[in-house]
Amino acid sequence: MKNMTLEHIAAACGGTYYGNETDRTKEIMGAVIDSRLIEKDYLFIPIKGEKVDGHKFIPDVFEKGALAVLSEQVLEHPTGPYILVEDTKAAMKKLAEDYRKSLDIKVVGITGSVGKTSTKEMIASVLSQKYNVLKTEGNFNNEIGLPLTIFKIREQHEVAVLEMGISEFGEMHRLAQMANPDICVITNIGLCHLENLITRDGILKAKTESFEHLTPEGIAVLNGDDDKLCEKKMVNGKPAVFYGLGEAPKTSAPKQIYATEVEALGLTGTRAAIHIRNGNAPETKFTVEIPIAGEHNVYNALAAVAVARELGLTVEEMKRGIEAVQTIGGRSNLIHKNGMTIIDDCYNANPVSMKASIDVLSKAEGRKIAVLGDMGELGSDERKLHYSVGEYFKGKGIDDLFCAGELSREIAEAVKAHCKETRVHYFETKDALGEALKNYVASGDIILVKASHFMGFSEIVKELT
């Protein structure tokens with residue numbers, strides 16, 4: 001990690017260095033919080049968790065070759081240098097902020113209520129056609145995961161695509177301060193994290209905290225079809241770049257990137273024509289096949305094109321990157337097993353993403369089974385919002401609904417009331433649902449599995465496969 005000497009680290013995080021003077025000028029090769037991931041000349045950052053205090057692993061990491069550690073306590077007889085700090089989490093964030101600002105790299109920061117990870121994957125796939133890209137892996141999008149991702153940036157990387165997830169006010173300030181994005185992408189303002197953010201206006205306020213930490217020449221790339229985001233026409237004195245479906249504006253936002261001729265290709269994907277407005281120059285148009293089903297993935301592709309245009313990619317590179325994108329486990333991932341097709345979308349859920357997944361299932365060929373669970377962090381309207389998901393089944397041609405969870409009872413009741421063609425199977429527990437489902441499914445079935453992560457529906461996917 002360039003310029004990350006122990007002396008510099010101590011200054012950056014406001015700590016005090018303890019160790020040999022000769023070690024002060026040595027550079028770390030990486031930084032981790034998991035002692036199992038230590039490599040030679042790494043910095044170990046011990047975190048105090050609810051069950052385990054990382055400080056107890058300090059002797060082990062020195063044996064594994066760590067160059068130094070951070071510590072909240074004075075160490076007796078340490079076998080290597082350490083930097084004493086008041087709070088290792090706070091020190092880690094200061095260090096990540098300092099390291100990012102030392103890098104000559106473009107950073108794309110992505111947030112939004114729905115589709116952050118899918119959009120991140122799409123943008124990274126497109127940009128990798130021209131640049132060496134580092135992207136957020138897994139769910140490393142919070143105040144612990146983001147700095148760890150930043151620490152993985154190396155000299156060979158030209159672009160970092162960083163996902164930023166929040167659930168409360170002020171959190172985006174802290175994330176964006178570390179990421180310091182050149183381009184900030186916001187996918188939408190939907191119904192999630194209402195427990196803390198209360199309303200969609202609250203969500204808008206929290207998400208747009210990121211604008212305050214854009215680089216001086218930074219721009220915002222926003223979903224122009226979102227009725228809240230369309231209000232942000234100027235960001236830090238610069239016009240926002242809007243994208244959306246259709247040439248005619250659905251909101252007051254003028255779209256520079258838009259899609260027409262959207263055609264569903266079943267579960268295999270979506271075809272669309274993408275248009276790029278070029279000021280006074282002729283408009284650019286190209287047709288692309290997005291290898292992931294659902295209209296929401298057209299939005300993801302449009303966001304990627306908007307970012308790619310800002311970073312100088314050609315149309316050929318954009319098209320190649322979109323058509324090369326792959327799904328990841330738990331997020332619209334298609335699994336073909338035992339003659340069935342399982343849509344594994346059980347990493348997380350909110351009313352908007354639930355309805356989008358129901359749309360995808362509705363276009364499948366075969367017996368269509370929706371396996372749904374509770375959605376979390378929806379605040380005082382949680383029962384009403386679950387009921388609205390059940391109402392959405394009307395006219396979608398879903399053959400069966402299997403659901404479990406206290407709140408999902410509302411989904412079941414709504415389907416019974418408004419969608420007589422769908423058979424409803426409600427269970428008190430996930431285990432009971434899983435057992436009944438195993439005995440019900442057959443070859444040729446298309447099965448959507450979706451719920452918030454805390455419901456553990458990934459176990460149902462495992463049972464089916």
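This is a predicted model: local features need pLDDT of at least 70, side-chain atom pairs count only at pLDDT 80 or more; totals for chains, interfaces and linings use all residues.
What covers the buried residues of helix 12?

Helix 12 spans residues 382-391. Its buried residues are Leu 385, His 386, Ser 388, Val 389 and Gly 390. The cover over them includes helix 7 (194-197), helix 11 (351-362), strand 19 (368-373) and helix 13 (408-418).

Now to strand 4, residues 68-71. Ala 68 and Leu 70 point one way, Val 69 and Ser 71 point the other way, and all of them are buried. In a regular strand, side chains alternate between the two faces of the sheet.

Strand 4 has partners. Strand 3, residues 42-44, runs parallel to strand 4 and is joined to it by two bridges. Here Phe 44 stands opposite Val 69. Strand 5, residues 82-84, also pairs with strand 4 in the parallel sense, over three bridges. In that pairing, Leu 70 has Ile 83 as its bridge partner. Between strands, there is a helix to mention: strand 3, helix 2 (residues 58-63) and strand 4 form a right-handed β-α-β unit.

Last, the nonpolar cores. The largest has 83 residues, and those touching the most other members are Ile 9, Ile 28, Leu 43, Phe 151, Leu 372 and Phe 393. Take Ile 9: leaving aside residues up to four places away in sequence, it touches Met 4, Ile 28, Leu 43, Leu 70, Ile 83 and Leu 95.

How values were computed. Residues are numbered from 1 along each chain as its sequence is written. Side-chain values use heavy atoms; hydrogens and water are left out. Buried means under 20% relative accessible area, exposed over 50%, partly exposed in between (1.4 Å probe, protein chains only). Helices (H or I, at least four residues) and strands (E, at least two) are DSSP runs, numbered from the N terminus. Two strands pair if DSSP finds at least two bridges between them. A crossover is right-handed if, with the strands pointing away from the viewer, the path from the first strand over the helix to the second runs clockwise. Contact means heavy atoms within 4.5 Å. A nonpolar core is a set of buried Ala, Val, Leu, Ile, Met, Phe, Trp, Tyr and Cys residues joined through side-chain atoms within 4.5 Å.
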